[in-house]
Amino acid sequence: MTKPIALAIHGGCGTLPKSEMSEAEWAEARADLAASLRAGWSILSAGGSAVDAVEAAVRVMEDSAHFNAGYGAAFNAEGEHELDASIMDGATLAAGAVAAVKRIRNPVSAAKALMLRGDPLLLVGPAADTFAAHEGLDTVENGHFSTERRRKNLSSMKIRELVGTAGEASEAEKHGTVGAVALDAAGHLAAATSTGGYTNKPVGRVGDSPIIGAGTYARDGRCAVSGTGKGEYFIRYCVGHELASLIAYKGLPLAEASGAVLGELTAHKIGAGLVAVDADGTIVAPYNTDGMYRGWVTPDGTVHVATHADVEIAGPA
Ligand code: ASP
């Protein structure tokens with residue numbers, strides 16, 4: 001019997017209400033999700049590693065304007081972009097992460113380069129930008145990441161701050177993230193996450209995405225997880241590690257374990273979602289907001305993508 005492979009992605013739980021974008025724009029976002037899945041699946045189906053698959057899937061979403069990571073990232077309070085990303089190999093527990101970087105076109109690849117180097121695990125700010133340049137990764141001006149939509153989000157958050165309604169901002173105005181989880185034919189799990197954080201975040205703020213055990217976690221025999229939502233809570237609850245622990249120590253199935261973890265976050269009235277895959281290739285993609293950009297490939301190689309409740313079949317991988 002052939003061993004199962006599995007791949008799931010998310011593009012963040014900060015989706016707009018369906019009526020606020022044209023059908024053409026939604027179709028474009030879904031096409032970018034499908035392209036991300038195909039990039040990861042082509043690696044897995046050729047016998048490649050889960051680590052390479054999640055990196056490839058995340059890079060596609062980092063290069064899409066539709067998601068808050070890489071190009072299209074949120075602006076911080078000073079009108080700049082500071083990006084966070086991480087990757088983890090469930091086979092060895094090796095991991096790499098970068099935070100508050102300003103010039104790396106694909107932060108997930110800098111995280112992977114750091115992981116392959118072995119030590120340090122997490123590098124921040126200008127040192128991480130310099131590291132990426134030394135590794136020969138693409139570096140860009142900070143303005144490369146800017147889009148009109150995120151600029152509007154920043155203006156509206158600044159106005160909300162002035163009039164005291166920042167707490168009422170929609171999930172879409174505030175944040176987003178991209179992530180991928182995979183199981184490869186060798187039975188290894190991996191996870192990767194990349195984000196611009198949230199709109200109008202203070203300079204230097206780092207969220208959960210580059211924090212191993214919070215926004216990203218992978219451990220063979222347990223699960224691989226990538227989260228999206230208010231990072232401060234993902235860090236407090238060590239969401240990725242908590243999910244893996246509920247599977248390992250309580251013997252909970254993935255769906256039940258992820259429901260329990262999401263339930264704890266929801267109790268704080270924060271937007272949250274995640275994608276996860278377990279050692280058998282079971283995939284979950286729960287969220288508590290209006291929608292979550294997400295997708296997965298079923299074992300027969302069919303691509304599924306979604307933004308809100310409806311799931312679209314986007315053809316073969
Ligand atoms: N988790 C990300 C952060 O807090 C944001 C998000 O996923 O919406 O940086």
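Q: How far does a backbone N or O atom of G231 lie from an oxygen atom of the ligand?
A: This is a predicted model, in which local features need pLDDT of at least 70 and side-chain atom pairs pLDDT 80 or more, while totals for chains, interfaces and linings use all residues. Residues are numbered from 1 along each chain as its sequence is written, and side-chain values use heavy atoms, without hydrogens and water. Between a backbone N or O atom of G231 and an oxygen atom of the ligand, the distance is 2.9 Å.

Q: How much of the ligand's 270 Å² does the protein bury?
A: Accessible areas come from the Shrake-Rupley method with a 1.4 Å probe. Taken alone, the ligand exposes 270 Å², and the share buried by the protein is 99%.

Q: Which residue has a polar side-chain atom 2.7 Å from a nitrogen atom of the ligand?
A: Let's look at two side chains. That of R205 places an N or O atom 2.8 Å from an oxygen atom of the ligand. The residue with a polar side-chain atom 2.7 Å from a ligand nitrogen atom is D208.

Q: In β8, what is the bridge partner of A218?
A: Strands here are DSSP runs (E, at least two residues), numbered from the N terminus. β7 and β8 (residues 223-229) run antiparallel and are joined by four bridges. In β8, A218 has as its bridge partner A224.

Q: Is H308 buried or exposed?
A: H308 sits in the loop between β12 (302-306) and β13 (311-316). Buried means under 20% relative accessible area and exposed over 50%, with partly exposed in between (1.4 Å probe, protein chains only). Because its relative accessibility is 11%, H308 counts as buried.

Terms used: Two strands pair if DSSP finds at least two bridges between them. A polar contact is a pair of N or O atoms within 3.5 Å; within protein, one must be able to donate a hydrogen and the other to accept it, and residues adjacent in sequence count only if both atoms are side-chain atoms.
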